[in-house]
Amino acid sequence: MLVVEDDAQIARALLVNLRARGYRTYHAADGRHALQLAADEHPDLVLLDLGLPDLDGSEVIDGIRGWSTVPIIVVSARHESHSKVDALDRGADDFVTKPFAMDELLARLRAALRRNAPETGHAVVVTGDQRVRIDLSARSVSVDGELVRLTRLEWRLLEALARAPHRLIGRSELLRTVWGPEYGEESNYLRVYISQLRTKLEADPANPEYIRTELGMGYRFTP
Ligand code: CA
């Protein structure tokens, strides 16, 4: 969970409460750091203060929504209805006004996590031939029952593909999802990492069955 809040006291209160409930948390005190952490850590939820020292919170929403559907709950003192509507229009999922009751915030947060759960789909993806088993919750992959070691980027790439089986995922979308929002043109990165994944997963990496190339467009995971 990513907490974006420049007020140190509020940030501390949020982090203490969230950590006490077992949530893994990251903290950003400004918008740029928030975008960086969102890209690097792929949090399952973002709590976002709209009034930040560098970027406007709405720019942070735009930046994240460019490549991610992670739930965003805006937590802000700006209770004017226009900023609330603007945040929701830009893709925020919910809005909590400061000062907030911690119990209410936690309830909203659980609701947002529940709503988002179906999108992440089956936690385990197994290929039709039963050779490859990808456990999205445990972040592990095995081939013929043997665990396969993946680098962080290899895993992210496989995860992005496995979460959308049979869908053609464009190169720039994959680059933004795996490498971050500032990427999009670096098709050579994809070629290198897709090739590494095929070497580790495919029975015949030269004739891949699971990770297919759609020439000129992107890739498709066909388990
Ligand atoms: Ca603030």
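Arg108 has a relative accessibility of 24% and therefore counts as partly exposed; buried means under 20% relative accessible area, exposed over 50%, and partly exposed in between, with a 1.4 Å probe and protein chains only. This is a predicted model, in which local features need pLDDT of at least 70, side-chain atom pairs count only at pLDDT 80 or more, and totals for chains, interfaces and linings use all residues. Residues are numbered from 1 along each chain as its sequence is written, and side-chain values use heavy atoms, with hydrogens and water left out.

The side chain of Arg108 meets that of Asp94 in a salt bridge, at 3.1 Å from N to O. Arg108 lies in helix α5 and Asp94 in strand β5 (residues 94-97), so the pair ties together parts that are 14 residues apart in sequence. Helices (H or I, at least four residues) and strands (E, at least two) are DSSP runs, numbered from the N terminus. Asp94 has a relative accessible area of 17% and is therefore buried. A salt bridge is here a side-chain nitrogen of Lys or Arg within 4 Å of a carboxyl oxygen of Asp or Glu.

The structure holds 13 salt bridges. Another of them joins the side chains of Arg32 and Asp54, with 3.9 Å from N to O. This pair links distant parts of the chain: Arg32 is in helix α2 (residues 31-41), Asp54 is in the loop between β3 and α3, and they are 22 residues apart. Arg32 counts as exposed because its relative accessibility is 56%, while Asp54, at 32%, is partly exposed. The side chains of Arg167 and Glu173 also meet in a salt bridge, at 2.9 Å from N to O. Arg167 is partly exposed, with a relative accessible area of 40%, and Glu173 is partly exposed too, with 30%. Glu5, Asp49 and Lys98 are linked in a network of salt bridges.

The ion is coordinated by Asp6 (OD), Asp49 (OD) and Gly51 (O), at 2.2 to 2.4 Å. In sequence, the donor residues are spaced D-x42-D-x1-G. Donors are N, O and S atoms within 2.8 Å of the metal (3.2 Å for Na, K and Ca); water is not among the atoms, so sites may look incomplete. Asp6 is partly exposed, with a relative accessible area of 34%, and Gly51 is partly exposed at 29%.

The peptide bond from Lys98 to Pro99 is cis, with omega near -5°, and Pro99 lies in the loop between β5 and α5. Most residues other than glycine have a negative phi, and most peptide bonds are trans. Arg139, which is not a glycine, has a positive phi near 55°. Arg139 is found in the loop between β7 (132-135) and β8 (140-143) and is partly exposed, with a relative accessible area of 48%. His166 is not a glycine either, and its phi is positive, about 70°. The place of His166 is in the loop between α6 and β10 (168-170).

Helix α6 (residues 152-162) is largely enclosed by the rest of the structure, because nine of its 11 residues are buried. Among the buried residues of α6 are Trp155, Leu157, Leu158 and Leu161, and also the charged residues Glu154, Arg156 and Glu159.

On the surface, Arg21, Arg110, Arg114 and Arg115 gather in a patch of positive charge. Patches are made of residues with over 30% relative accessible area and no salt bridge, with like charges joined within 9 Å and nonpolar side chains (Val, Leu, Ile, Met, Phe, Trp, Tyr) within 5 Å. Arg110 is in helix α5 (residues 102-120) and counts as partly exposed, at 39% relative accessibility.

Glu41, in helix α2, is partly exposed at 26% relative accessibility. From Glu41 to Gly170 the separation is 129 residues in sequence and 22 Å in space, C-alpha to C-alpha.

Notes. Areas by Shrake-Rupley, 256 points an atom, 1.4 Å probe, with all protein chains shown as cover. Charge placed at Lys NZ, Arg CZ, Asp CG, Glu CD.
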